[in-house]
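The following note sets out numbered remarks on the model shown below. Please read them alongside the sequence and the coordinates.

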Amino acid sequence: MRSVCISLFVFRCACVCALLHRAISQPPTESDTYTECTDGYHWDPQTQHCKDINECETITEACKGEMKCFNHYGGYLCLPRSASVIPAPEPPNQIRPGLDDTAREPYNPCPSGYEPQGDSCMDVDECARDEHDCQPSQECFNTEGSFTCQCPGGYRKVGTECIDVDECDMGAPCSQRCYNTYGTFLCRCEQGYELGSDGFTSCFVILLPSCHFLAPLSLSIDIDECSYSSYLCQYQCVNEPGKFSCICPEGYQLLGTRLCQDINECETGTHKCADGQTCVNIHGGHQCVDANRCQEPYVQVSDNRCVCPVAKAGCQDLPFSIVHRYMSITSERSVPSDIFQIQATSVYPGAYNTFRIRSGDDNGDFYIRQINNISAMLVLARAVNGPKEYVLDLEMVSVNPLMSYQTSSALRLTVNVGPYAF
């Protein structure tokens with residue numbers, strides 16, 4: 001499980017519709033001005049609409065560590081840098097009630113990828129404006145009216161990512177020994193030889209003065225490539241006669257010739273989970289969890305969801321519902337690092353929501369950063385090494401002061417820390 005899991009709270013709530021009281025009680029007149037917007041939007045006097053705030057531009061370092069900021073309607077998401085977002089159809093901006101909804105963005109008479117400048121249309125440099133969708137491992141190249149995403153030299157595109165090309169396996173022009181490195185390769189010579197003037201491909205015999213007696217030079221001595229560099233293999237380098245190979249720890253498999261990736265036993269069917277259990281993949285292994293994880297006084301109402309009936313006396317001080325989720329992260333992760341997005345899909349009108357870690361974080365390795373009234377981010381605050389497991393209860397408390405009503409729901413997140421940094 002190499003990608004960060006992102007799950008959403010589903011709460012027992014109604015949809016929110018926040019309108020100003022004056023807009024509901026009477027129609028607007030010319031003197032009426034409504035310039036208040038809901039969280040995540042700001043008033044645009046030009047279009048007379050509420051427009052989404054791009055927190056990725058307005059908040060300095062909105063996402064930390066290995067996470068990349070993606071703007072979202074009314075908020076933003078912190079996702080892995082290798083993630084890509086498939087945009088949904090663009091919803092309309094928030095429009096003031098009672099006003100004509102025909103106002104739109106300023107008219108652009110130019111074709112897509114261009115913008116007006118004086119009486120002509122100029123190409124938009126999407127790369128310079130960071131308005132492209134190239135992956136972090138790719139390079140953006142501006143073109144007339146558009147852009148292209150290309151891999152840097154020494155890499156090739158596999159899916160949406162750029163993977164290092166092993167030039168040595170593809171016949172690199174080394175006369176004796178070849179060593180692949182990130183984005184390129186190195187040529188080396190056998191004992192008794194040295195690289196030519198190009199310092200790259202040709203090997204020549206080292207000539208010594210003839211007045212010295214030299215024993216016959218043996219060229220059959222194996223070179224231990226693993227001793228040259230600790231970066232030849234991601235996990236462990238094994239020297240072999242005339243070459244080397246890379247191996248991975250148990251629960252991992254080679255990706256290419258040097259990298260290691262987790263084996264998903266849940267997908268390959270190599271797990272040993274019994275009937276009534278669910279297989280959960282983690283870095284370097286897997287877990288078998290019971291399909292029903294509800295504990296008294298909770299009862300199961302659907303997969304992964306437990307409810308505490310209000311009729312039970314023991315439920316009064318407990319979250320109304322608990323949703324079970326699982327994720328796995330690597331060791332030695334850079335911190336602070338956004339690792340899990342929490343979001344309520346609907347809330348009570350007039351309710352104020354707060355998020356907190358209810359239990360499971362005794363050492364303060366995590367903290368909650370609330371984004372807005374309906375979403376928050378779980379942040380890894382300290383570097384952790386595995387194998388290790390956390391069971392965190394992430395709680396959203398909803399308070400309605402007008403109705404003197406309070407309720408809460410929790411997400412029980414099991415975080416497994418893998419034994420390695422991959």
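1. T354 stands opposite V397 in β29. The strands concerned, β26 and β29 (residues 388–400), run antiparallel and are joined by seven bridges. Strands here are DSSP runs of E with at least two residues, helices are runs of H or I with at least four residues, and both are numbered from the N terminus. Two strands are taken to pair if DSSP finds at least two bridges between them.

2. On provenance, this is a predicted model, in which local features need pLDDT of at least 70 and side-chain atom pairs count only at pLDDT 80 or more, whereas totals for chains, interfaces and linings use all residues. Residues are numbered from 1 along each chain as its sequence is written, and side-chain values use heavy atoms, with hydrogens and water left out.

3. The β26–β29 pair belongs to an open sheet of six strands with mixed pairing, in the order β22-β23-β24-β30-β29-β26. Its edge strands, each pairing on one side only, are β22 (299–302) and β26 (352–359). On average, neighbouring strands of this sheet are turned by 30° against each other, direction ignored. Axes for such angles are lines fitted to C-alpha atoms (for helices, over the stretch in contact), and angles run from 0 to 180 degrees between N-to-C directions.

4. A second open sheet consists of three strands, ordered β25-β28-β27, with antiparallel pairing. Here β25 (337–343) and β27 (366–370) are the edge strands, each pairing on one side only. Five bridges connect β27 with the antiparallel strand β28 (residues 375–380), and F366 stands opposite L380 in β28.

5. Strands β6 (residues 114–117) and β7 (residues 120–123) run antiparallel and are joined by four bridges. They form a hairpin with two residues between them, and G118 in the turn has a positive phi of about 70°. P116 has C121 in β7 as its bridge partner.

6. Over the whole protein there are three helices and 30 strands. Of its 422 residues, 35% are buried; buried means under 20% relative accessible area, exposed over 50%, and partly exposed in between, with a 1.4 Å probe and protein chains only. Among contacts (heavy atoms within 4.5 Å) between residues at least 6 apart in sequence, 43% join residues at least 24 apart.

7. A search of the whole structure finds nine salt bridges, a salt bridge being a side-chain nitrogen of Lys or Arg within 4 Å of a carboxyl oxygen of Asp or Glu. One of them joins R129 to E115, with the closest N and O atoms 2.5 Å apart. R129 lies in the loop between β7 and β8 (139–143) and E115 in strand β6, 14 residues apart, so the pair links distant parts of the chain. Both are partly exposed: R129 has a relative accessible area of 39%, and E115 has 26%.

8. E225 forms a salt bridge with R177, the closest N and O atoms being 2.9 Å apart. The pair links distant parts of the chain, with E225 in the loop between β15 (203–205) and β16 (236–240) and R177 in strand β12, 48 residues apart. Both E225 and R177 are buried.

9. A further salt bridge connects E296 and K312, with the closest N and O atoms 3.5 Å apart. E296 sits in the loop between β21 (285–290) and β22, and K312 in the loop between β23 (305–307) and β24 (321–329), 16 residues apart. E296 counts as exposed at 67% relative accessibility, while K312 counts as partly exposed at 29%. Elsewhere, R356, R358 and E395 are linked in a network of salt bridges.

10. Leaving aside neighbours within four places in sequence, D166 is in contact with N180 and T257.

11. For "domain: EGF-like", the unreviewed UniProt entry lists residues 123–163 and 222–261. Such positions are given in the numbering used here, feature names are shortened, and annotations may be inferred rather than shown by experiment. In the model, the span 222–261 is 0% helix and 42% strand, and its end C-alpha atoms lie 30 Å apart.
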